[in-house]
Amino acid sequence: MSKVVTMIPVRMASTRLPNKPLLDVNGKSILQRVYENVKACVPGDIIIAAGDQVLVDEANKFGATAILTDPKLPSGTDRIAAALNEIDPDGSKYDIVVDFQGDGLNVDPKINLDLIKMVEETDCDIATCGMLFKSEKDVNDPSMVKICMGLREGENQGRCLYFTRAPAPFIRNPEKCKNHDYYHHIGIYVFKASSLKKIVSLPVGVLEEKESLEQLRALENGMTIRAKVVDNMKLIDEAPADINTPEEYQEALKWIK
């Protein structure tokens, strides 16, 4: 059985919603709610990879283990890799690392169980997930990232060939093509521990820089990413999946008790 650790990367810096991780949602901070959701269903250890001492202090209040990381790290991936190196420097303790975002208080952590299984069964470097796009407008929105993968009828997971902000794949002959589906990438990741350490050691990729998509660094360097198509990623359908704006925070207060 694989040795799994879930890392929750979190930092205070947020231009749209100051002090976001510590905001109170009906009696508990966002960080505490995320931690408790993960603890309820994902096996193995849970570590909060914090970019600020105040977040370590908050984690200690509700009994979580937190590692203080450099606040200047450029991404959540770098943050969890730094925390992993702190607790498992020689790579002997953990096989798989779950990356669960610190603002995803309404994201269902059970999704990660299928992604852990995917890494175990296929030996891919990274497992992630996506959802079917429901509107053409969203497909054309560059803020909504598309996964290019060749799924046949009845398949719900496959190898990711590319990630892009452009509408892709282009369907040349729609009358001959049975599957017109587009897949929206959901930024949930499960890594082989060795693959996580590798990806943060690599230079920024050419395509990564053009698209501003970190996962392209892995593909450019021959690493394998697989994705599962999921129907729903929320614990409560009415509430936002994660909190990025004051409006989403107010909406969360209505539904998350």
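Threonine 6 is found in strand β1, which covers residues 4-10, where strands are DSSP runs of E with at least two residues and helices are runs of H or I with at least four, both numbered from the N terminus. This is a predicted model, in which local features need pLDDT of at least 70, side-chain atom pairs count only at pLDDT 80 or more, and totals for chains, interfaces and linings use all residues. Residues are numbered from 1 along each chain as its sequence is written, and side-chain values use heavy atoms, with hydrogens and water left out.

**Threonine 6**
- Threonine 6 is buried, with a relative accessible area of 1%; buried means under 20%, exposed over 50% and partly exposed in between, with a 1.4 Å probe and protein chains only.
- Leaving aside neighbours within four places in sequence, threonine 6 is in contact (heavy atoms within 4.5 Å) with residues including Val38, Asp45, Val98 and Phe100.

**Helix α3**
- Helix α3 (residues 76-87) has twelve residues and reaches 17 Å from its first C-alpha to its last, close to the expected 16 Å, a span defined as 1.5 Å times one less than the number of residues.
- Among the buried residues of α3 are Thr77, Ile80 and Leu84, and the buried residues of this helix pack against elements including β1, β4 (45-50) and α6 (193-201).

**Backbone features in loops**
- A cis peptide bond, with omega about 5 degrees, joins alanine 168 and proline 169, and proline 169 is found in the loop between β10 and β11.
- Asparagine 19, in the loop between β1 and β2, has a positive phi of about 60 degrees although it is not a glycine.
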